[in-house]
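Please read it beside the sequence and the coordinates.

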Amino acid sequence: MEGRDCNELPIHCLVEILKRVGIESLVRTVPLVCKSWYEATFYPQCWQKLIFTKSPCLRNSKCFDYKIVASLDHINDADDVLDAFLQFAIGRSHGLVSHIVFHPKSRLKQGQIAWIAQRCPSLKLLVLPSYLSYVINFEVSDSICKWKDLEALQVASLIGLKKTIANISKNCQNFKHLSVYVPRIDGDVALAIGSQLPKIKTLDLQFSKIERSDLVVILKGCQKLEQLDVRECKGVAYDDEILNLARSIRVFRHEGFYFGE
């Protein structure tokens with residue numbers, strides 16, 4: 001049987017395919033296949049997930065389809081290039097962007113997060129770069145109020161984090177996953193997580209030092225946890241009390257010990 005011409009593929013089927021190829025293919029190869037594929041890249045649904053790099057910490061998050069990741073590392077070292085690409089991709093999406101995963105080395109400009117919040121009200125997942133300025137960290141905190149559908153967030157700074165958590169608690173009823181990659185989780189942040197995110201499903205605190213008492217606060221407060229990762233977290237002795245508090249967690253990973261699926 002002869003193969004079908006690519007132009008014969010129904011547009012709704014083609015768009016469903018292109019939603020899964022990743023932004024690298026959408027930019028570099030898909031427009032060159034044929035006229036119908038080029039025209040399909042103008043459909044907003046193709047630009048819902050802007051994934052600039054792999055994010056291992058969210059691999060187990062159910063709200064993130066890890067298979068569609070395609071790296072665009074070449075645009076992450078120059079903030080002007082990243083800015084231009086964001087404007088292009090978000091413009092193509094017409095406000096439908098649901099996932100943004102920045103490269104750890106991406107350099108965001110002041111005002112950029114607020115601009116994204118205005119144009120991407122349906123955002124569900126946000127992975128931030130490893131370094132953000134003081135002002136931009138609080139820009140993130142303020143922008144949370146506009147993302148009512150936010151389900152997952154990865155941060156790498158304590159600056160503004162308590163305000164971010166408070167705004168998530170007030171505005172994001174479907175929030176499920178938090179990753180915090182910082183040198184140390186202080187008591188105030190632990191208390192904020194335990195008291196304001198009681199329905200959170202997955203929590204990733206890898207590589208962060210945390211006091212035993214602060215981990216207990218989180219475990220007592222977040223009783224809906226299904227996954228907890230505290231590997232490489234210094235300062236905690238995993239005694240019977242902690243293991244008992246974590247007994248209902250489906251997947252619990254920590255230094256020297258692991259139980260779960």
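The model is predicted, so local features need pLDDT of at least 70 and side-chain atom pairs count only at pLDDT 80 or more, while totals for chains, interfaces and linings use all residues. Residues are numbered from 1 along each chain as its sequence is written, and side-chain values use heavy atoms, with hydrogens and water left out. Helices (H or I, at least four residues) and strands (E, at least two) are DSSP runs, numbered from the N terminus.

**Cavities**

- A cavity is a set of points, on a 1 Å grid over the protein atoms alone, where a 1.4 Å probe fits but cannot get out; its lining residues have an atom within 4 Å of a point.
- Grid points are joined across faces, edges and corners, and a volume is the space filled by probe spheres set on the points.
- Two cavities of 30 Å³ or more are found in a search of the whole structure.
- The largest cavity has a volume of about 50 Å³, and its lining consists of Leu128, Leu132, Asn137, Val140, Val155, Ser157, Ile159, Gly160, Leu161 and Thr164.
- Helix 6 (134-143) and helix 7 (161-171) are the elements that give two or more residues to the lining of the largest cavity.
- That lining has six nonpolar, four polar and no charged residues, where Ala, Val, Leu, Ile, Met, Phe, Trp, Tyr, Cys and Pro count as nonpolar, Asp, Glu, Lys and Arg as charged, and the others, Gly among them, as polar.
- The second largest cavity holds about 30 Å³ of space, and Leu128, Pro129, Leu132, Asn137, Val155, Ala156 and Ser157 line it.
- In the second largest cavity the lining comprises five nonpolar, two polar and no charged residues.

**Salt bridges**

- Side chains of opposite charge can pair when their charged atoms come close.
- A salt bridge is counted when a side-chain nitrogen of Lys or Arg is within 4 Å of a carboxyl oxygen of Asp or Glu, and the count comes to eight.
- Asp83 and Lys109 form a salt bridge with an N to O distance of 4.0 Å.
- Asp83 lies in helix 4 (residues 79-93) and Lys109 in the loop between strand 2 (99-101) and helix 5 (112-119), so this pair ties together parts that are 26 residues apart in sequence.
- Asp83 is buried, at 18% relative accessible area, whereas Lys109 is partly exposed, at 29%; buried means under 20%, exposed over 50% and partly exposed in between (1.4 Å probe, protein chains only).
- Asp142 and Lys163 form a salt bridge in which the closest N and O atoms are 2.6 Å apart.
- This pair links distant parts of the chain, with Asp142 in helix 6 and Lys163 in helix 7, 21 residues apart.
- Asp142 is partly exposed at 39% relative accessibility, and Lys163 is partly exposed at 36%.
- Asp188 and Lys162 form a salt bridge, the closest N and O atoms being 3.5 Å apart.
- Asp188 belongs to helix 8 (residues 187-196) and Lys162 to helix 7, so the pair ties together parts 26 residues apart in sequence.
- Asp188 is partly exposed at 46%, as is Lys162 at 42%.

**A buried loop residue**

- Ser208 lies in the loop between strand 7 (202-204) and strand 8 (209-210), and it counts as buried at 0% relative accessibility.
- Beyond its neighbours within four places in sequence, Ser208 is in contact (heavy atoms within 4.5 Å) with Val180, Tyr181, Val182, Pro183, Ile185, Glu232, Cys233 and Lys234.

Note on methods
On a 1 Å grid over the protein atoms alone, a cavity is a set of points where a 1.4 Å probe fits but cannot get out, and a pocket is an open set with protein on both sides within 12 Å along at least five of seven lines; lining residues have an atom within 4 Å of a point.
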